[in-house]
Amino acid sequence: MKKLFPRFIHKSWGVWEGEILPGPLCEWYRIRVVYRLKQPPRAYVLKPALVPDADGNIPHTYRDRFGRLYPCLYLPRKHEWMDSMPIAETIVPWTALWLIYYEHWRATGDWLGGGEHPQVGRRGIRGGRRRRRRQERRSGSLADVSTSSPSLVTPNGLASS
Amino acid sequence: MGSSAVDLGTLLEDPELLREDILHRVCASIQLTSTQRERAETAYRGVGRWLDAEGSPFAALGPTIYPQGSMALRTTNRPLAQDEHDLDIVVELDSDGRYGKSVDLLDDTRDWLLEHREYASKVDKEDRRCCVRLNYAGNFHLDIVPAFRDVSQAGTIWVPDRPSGGFERGNPKGYVAWFEEQCRIEVARVLLKSVESLPDYDAPEIELPLRRSAQLLKRWRDVVFQDCADAAPSSILLTTLAGNHYGNESSIGAAVSGILDRLLIQVKSNPGPLDVRNPIYSPERLSEPWIEDEGAYVLFVTKLRKFASQWESLATTSGLHNLSALLEDLFGEAATRSALTGHQEALVNAPRRRGELAFVPGAATVTSSGIGRRGTPGNTFFGG
């Protein structure tokens, strides 16, 4: 983390905080990356706070046990993130990418970043997921981009962070 | 950090280039579609053939037909919502002295169109000042202006004026030539031209900055004068103001800034309404409506100042959602949304699909693969 994000602060064991600028036209965001043993890593967006829609929702987010929203950045079942992968080269840039789509969603109501939604039992949101995926495909999103095996497209090869 | 060669990442890391991409896309989304343009051209060429056909009162007068106004200037905007869309065309004729009164010329034009089985049902019943109107489906109107050539002054035509019974001088081709001259800058200087031909960049249609500025000013007028259309400045007035105050800037962002700044300086130094003349025929005062209705001028200046302030904050506003709100206020929701979606598709989704997304170390800014940038592995967003 130190090498790629030198201004991030190592707050405590497994916790880094720092500022990112997802795109030159985007806002700066302060994020907190949390990676504890035996838990998948996650990034919280601290400031500015994420703004949900009128129904209180934001696409592709989870809530932790304290009810705090955080972006859901990868598909667990496809092993898009594994603990051999540096956080700095995955979680942080994925958060930036999520934030670009988030700002676009705030602007237009459309989520153009593709993605999947978890099933919640046999009924419940399965139909909702199909409806949302149809909506996302119609808005030209990337349901087809999710990769089954994460490949690092790094011109310089894998580097430790 | 960053590549010395120009690549997609250059664009993705430059706020001015990104803003310019969005502005060109706004313009592309408000201009007539190529289908609409072709339909308009087919319509007016058909009318031209009929006016020159055997039996036409104009066949012996060497009629030539050409568009004037925004179609000729290439600044035509689509109508806002379901509004009507007009195309003005001139039918230029030799004068053989047979038409002393303008009303006779207009009536003969209308009568001949009524002879055609297709045009007969389209001819508008209302007596218009200087033209005969054909109404097409989809709220599209063709305004046909029959006019006499002035052989002593190339480009000058004499346009019928029904109320006075006489003719008024005009020079639409001269105006187009003037505007083209004002537009002219070295094409290579136009911002975005440096990245336009990048093979992995689906660039918007890039037009000269003044042409785009005139389009945007007219669209701004359509949006902010929606509830007070009677006070809205005419397109030729706005286009002339843009042309007069353009300072050869090489981007839409800078061109509109320059035009608004200089215009407001002129407004400030003028005690009354601005006096704006046709640049190729000074006796024609384009700002006449402001003399007749000073309230309309005051309203225009108030709205113009707000436009200038909003435009200035475009350059410093951060957050796509905040930028979007500003652009929607100025140019309407549909155009803004279409522009932002095209922007996102071309600059984020396309490289992502190709597996070429990268990030800039330090700020994690999303970019495209290249020297000094780190590749970003593919991912799928999940969650509710």
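Reader: What makes β10-β9-β11 of chain B an open sheet with antiparallel pairing?

Author: This predicted model has 3 strands there, in the order β10-β9-β11 (chain B), paired antiparallel. Strands are DSSP runs of E, at least two residues, numbered from the N terminus. Two strands pair if DSSP finds at least two bridges between them. β10 (365-368) and β11 (374-375) of chain B stand at the edges with a single partner strand each, so one side of each lacks a neighbour in the sheet.

Reader: How do you know that β9 pairs with β10 in chain B?

Author: 4 bridges join β9(B) (residues 357-360) to β10(B), and the cut-off is at least two. One bridge partner of Phe359(B) is Val366(B), in β10(B).

Reader: What lies across β9 and β10 of chain B?

Author: Helix α1 (residues 91-108) of chain A does, at about 95 degrees to β10(B). Axes are lines fitted to C-alpha atoms, for helices over the stretch in contact, and angles run from 0 to 180 degrees between N-to-C directions. Contact means C-beta atoms, placed from the backbone, within 7 Å. Chain A gives 54 residues and chain B 41. α1(A) gives the most to chain A's side, with 12 residues.

Reader: Why is α2(B) called mostly covered?

Author: Buried means 20 or more other C-beta atoms within 10 Å of a residue's own; exposed means 12 or fewer, partly exposed in between. In α2(B), 12 of 16 residues are buried, among them Leu18(B) and Ile30(B). Their cover includes α8 (209-224) and α10 (252-268) of chain B.

Reader: How are residues and chains labelled, and which pLDDT limits apply?

Author: Residues count from 1 along each chain as its sequence is written; chains are lettered from A and ligands numbered from 1, in the order written. Local features need pLDDT of at least 70 and side-chain atom pairs 80 or more, while totals for chains, interfaces and linings use all residues.

Notes. Contact = placed C-beta atoms within 7 Å.
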